[in-house]
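Could you walk me through this fold, one piece at a time?

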Amino acid sequence: MKRAAHLLLFKRGKLPGAKAWELKSRVGEDYREVLGQLNEILEAIDLEVKEVEDGGEGSRFLVVLKGTIKPVEARMMGWRIDNLAGLAITIAYIISKQGKAPRKEIEELLSEKLGRWKTMTLLDIYERSGYVAEEGGLLSLGWRAKAEVDLKRLMTSLLGGGQPPSDQF
């Protein structure tokens, strides 16, 4: 279990988590059972192990926040608030377009608020980080957005249908 926790909690390279084959080779054939036990321990500190499809490369497992965090705590994630806002806009736009949106439209939308240069940089960062995936000029949600973002809650908050999160994301 210790090895599984190290693989999932410590970032190697630019992407968080570990692929299924890595866990299988380092933890053993029963890695799913070990992850279940680890999940029970992490639940006490508001974290959980999630499995997501990694763009046709098999499954990836990562530890994500189970609940919510305060905006002040969001600063500790290493992202600027305007970059997080750009990501929220990008994800919401993709969802509103039934899962795929032309990159040009998102670039125009973001550049109105963030500027052209920053928009191009941010979209590349979102893609490299796994939050969006591009195929043929169309952007769709990436594996990381599906794992880390509560899409239903994001859309409810943006549409004003839910309780406004005054102190939480």
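Predicted model: local features only at pLDDT ≥ 70, side-chain atom pairs only at ≥ 80, totals over all residues.

Residues are numbered from 1 along each chain as its sequence is written, and side-chain values use heavy atoms, with hydrogens and water left out. Helices (H or I, at least four residues) and strands (E, at least two) are DSSP runs, numbered from the N terminus.

Let us begin with the sheet ordered β1-β3-β2, an open sheet of 3 strands with antiparallel pairing. Two strands pair if DSSP finds at least two bridges between them. In general, strands of a sheet pair through backbone hydrogen bonds, either parallel or antiparallel. Here β1 and β2 are the edge strands, each pairing on one side only. Strand β1 (residues 18-19) is joined to β3 by 2 bridges, and Ala18 stands opposite Phe61 in β3. On β2 (residues 47-53), 7 antiparallel bridges connect the strand to β3, with Glu53 opposite Ser59. Strand β3 (residues 59-65) is mostly covered, as 6 of its 7 residues are buried. Buried means under 20% relative accessible area, exposed means over 50%, and partly exposed lies in between (1.4 Å probe, protein chains only).

Now look at the helices on this side of the model. Helix α3 lies across β2 and β3 and runs at about 140 degrees to β2. Axes are lines fitted to C-alpha atoms, for helices over the stretch in contact, and angles run from 0 to 180 degrees between N-to-C directions. Two packed helices are described by the angle between their axes and the distance between the axes. For α2 (residues 20-27) and α3, the axes come within 9 Å and cross at roughly 95 degrees. The two helices are therefore roughly perpendicular to each other. By definition, angles under 35 degrees count as roughly parallel, over 145 as roughly antiparallel, 65 to 115 as roughly perpendicular and the rest as oblique. Ala20, Leu23, Lys24 and Val27 of α2 meet Tyr31, Val34 and Leu35 of α3, where contact means heavy atoms within 4.5 Å. These residues divide into 6 nonpolar, no polar and 1 charged. In this scheme Ala, Val, Leu, Ile, Met, Phe, Trp, Tyr, Cys and Pro count as nonpolar, Asp, Glu, Lys and Arg as charged, and the others, Gly among them, as polar.

Asn39 belongs to α3 (residues 31-43). Is Asn39 buried or partly exposed? At 24% relative accessibility, Asn39 counts as partly exposed. Leaving aside neighbours within four places in sequence, Asn39 is in contact with Leu47, Glu48 and Val49. The C-alpha atom of Asn39 is separated by 9.7 Å from that of Ala5, 34 residues apart along the chain.

Next comes the other sheet, where 3 strands form an open antiparallel arrangement in the order β4-β6-β5. Its edge strands are β4 (100-102) and β5 (132-135), each pairing on one side only. Neighbouring strands of this sheet are turned by 30 degrees against each other on average, direction ignored. Between β5 and β6 (residues 138-141) there are 4 antiparallel bridges, and Glu135 has Leu138 as its bridge partner in β6. Helix α5 packs on the sheet, touching β4, β5 and β6, and its direction makes about 100 degrees with that of β6. Helix α6 (residues 103-114) also touches β4, β5 and β6 as it packs on the sheet, with its direction at about 75 degrees to that of β4.

Helix α5 (residues 81-96) has a further partner in α7: their axes come within 11 Å and cross at roughly 70 degrees. That makes α5 roughly perpendicular to α7. From α5, the contact uses Asp82, Asn83, Gly86, Leu87 and Thr90, and from α7 it uses Lys118, Leu122, Leu123 and Tyr126. By class, this contact has 4 nonpolar, 3 polar and 2 charged residues.

Our last stop is Thr119, placed in α7 (residues 116-129). At 0% relative accessibility, Thr119 counts as buried. Not counting residues up to four places away in sequence, Thr119 touches Glu107, Leu110, Ser111 and Leu114. The side chain of Thr119 also reaches the backbone oxygen of Gly115 at 2.6 Å.

Note on methods
Polar contact = N/O pair within 3.5 Å; in protein donor to acceptor, adjacent residues only side chain to side chain.
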